Amino acid sequence: MTATSNPINFLWFIPTSGDGTYLGSSELNRAPEIGYLTQIAQAVDRLGYSGVLLPTGVACEESFVTAAALAAKTEKLQFLVAIRPGTASPAYYARLATTLDRISNGRLLLNIVVGGSPAELAGDGIHLEHDERYAHAEEFFTVFEELLEKGTASFDGKYIKATNARLGFPSVQNPRPPLYFGGSSDAGIDFSVGRVDKYLTWGEPPAQVAEKVAKVRKAAGERGREVSFGIRLHFIVRETDEEAWEAAERLIRHLDDDTIREAQERFVHESDSVGQKRMAALHGGRRDKLEVSPNLWAGVGLVRAGAGTALVGSPKTVAARLREYQEIGIDTVIGSGYPHLEEAYRVAELLFPELGITREQQRLGFNNEFGRKQVFAGGSHGGNLKVVSGS
């Protein structure tokens, strides 16, 4: 069976910093009100998406709180929640994670976010250089994972010290919710291959993604581990290629050169992220060089930090591009589009049939790829837990 024989696992994005119709413009903007975010979550829950990503940052609503609110309004949707080591102790994050996993009945995924803007990190009390943040994260997750797996932890490290830390209640998922991570630096890759379940990349051209996947796979193999791979992409899908490209141009119709230049300068000076530098290098801030690979459009990255590329085209065209990533080893997509509510419908109604994704698959839980789930039956660590093996 080839990689493309299986439907790709498709998540969507919850825009907790706001949404809109145009990039770099206040026209037709939507605030991240809980009513609107609930609309998006409930729509994607019905449409066949397996989960949603909730980002972190000073401009975002808090990810754990928002996920808890949305979990109460949805049935099957999984929540990929950002966890940033250093903003709280590993014991506190362990309590947050197990509580959210329990109240959502095992629907929690965790997205480790180590990088970002040094200025923003300093505001959160994190005063470490780029590579040192990963050394700190290693100690943090040593304690975090031990707490979730055993219920207790003690650690005396350079950055993290915990004495007889305890966790009162276990997570539903055993031994813990799956860990996702994205980072392109050598330090980030070295951290990820020793610990995470799924490695994420932003939407670079297939050749660059293939190089990264090979590098991560080799490094994981040297540790005696295997990781799976996902990609973060925007989508502009229409009935025809021509309509899709017209929609892409409309998305940036209000951008002027000054706005683009200011945004690019801000990304360079405010972030030490290797991944961000790779994104910026794809287009160099130029509007005339935005198709950086067939149907891979970098217009989003002109003014948006982080994931800056979109697949643009008809359902057949975009499906063909996604199959190229599947052949490389990508099995999971985290998608988004502007505005997120309308584009969630377009992607599900137009693209999902081409990808072989059905709502029935979500109902049956085909996304339980990690094959580890517990059904909680009461008690704390050491209490009565009925273990159910995944399929």
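The axes themselves are lines fitted to C-alpha atoms, for helices over the stretch in contact, and the angles run from 0 to 180 degrees between N-to-C directions. Helices (H or I, at least four residues) and strands (E, at least two) are DSSP runs, numbered from the N terminus.

The model is predicted: local features need pLDDT of at least 70, side-chain atom pairs count only at pLDDT 80 or more, and totals for chains, interfaces and linings use all residues. Residues are numbered from 1 along each chain as its sequence is written, and side-chain values use heavy atoms, with hydrogens and water left out.

The chain holds 13 helices and 17 strands. Of its 391 residues, 53% count as buried, where buried means under 20% relative accessible area, exposed over 50%, and partly exposed in between (1.4 Å probe, protein chains only). Contact here means heavy atoms within 4.5 Å. Among contacts between residues at least 6 apart in sequence, 75% join residues at least 24 apart.

Helix α1 (residues 34-47) packs against helix α2 (residues 63-71) at an angle of about 60°, and their axes are 10 Å apart. The two are therefore oblique to each other. The crossing of α1 past α2 is right-handed; a crossing is left-handed if the near helix is turned anticlockwise from the far one by less than a right angle, and right-handed if clockwise. On the α1 side the contact is made by Ile34, Leu37, Thr38 and Ala41, and on the α2 side by Thr66, Ala69 and Leu70. These residues divide into five nonpolar, two polar and no charged. In this grouping Ala, Val, Leu, Ile, Met, Phe, Trp, Tyr, Cys and Pro count as nonpolar, Asp, Glu, Lys and Arg as charged, and the others, Gly among them, as polar. An α-helix has 3.6 residues a turn, so residues three or four places apart point the same way.

The next pair is helix α3 (residues 90-103) and helix α5 (residues 130-150), which pack at about 45° with their axes 9 Å apart. That angle makes α3 oblique to α5, and α3 passes α5 in a right-handed crossing. Pro90, Ala91, Tyr93, Ala94, Ala97 and Thr98 of α3 meet Phe140, Val143, Phe144, Leu147 and Leu148 of α5. The contact of α3 with α5 consists of 10 nonpolar residues, one polar and no charged.

Helix α7 contributes Pro206, Val209, Ala210, Val213 and Arg217 to the contact, while α11 contributes Glu324, Tyr325 and Ile328. Here the division is six nonpolar, no polar and two charged.

Helix α6 (residues 186-193) has Gly188, Ile189, Phe191, Ser192 and Val193 as its buried residues. What covers them includes β6 (108-112), α5, β9, β10 (198-202) and α7.

Two arginines can be taken together. Arg238 is in the loop between β11 (228-237) and α8 (241-251), and at 14% relative accessibility Arg238 counts as buried. Leaving aside neighbours within four places in sequence, the contacts of Arg238 include Glu243, Pro315, Glu343 and Arg346. Arg261 lies in helix α9 (residues 257-270) and is partly exposed, at 42% relative accessibility. The side chains of Arg261 and Asp258 are joined by a polar contact of 2.7 Å; such a contact is a pair of N or O atoms within 3.5 Å, where, within protein, one must be able to donate a hydrogen and the other to accept it, and residues adjacent in sequence count only if both atoms are side-chain atoms. The C-alpha atoms of Arg261 and Val303 are separated by 8.6 Å, although the two residues are 42 apart along the chain.

Some loops have backbone features to note. The peptide bond from Asn174 to Pro175 is cis, with omega near 5°, and Pro175 lies in the loop between β8 (161-166) and β9 (179-182). The bond from Tyr338 to Pro339 is also cis, with omega near -15°. Asn295, in the loop between β12 (291-293) and β13 (296-297), has a positive phi of about 65° although it is not a glycine. Asn295 is buried, with a relative accessible area of 9%.

How values were computed: Angles under 35 degrees count as roughly parallel, over 145 as roughly antiparallel, 65 to 115 as roughly perpendicular and the rest as oblique.
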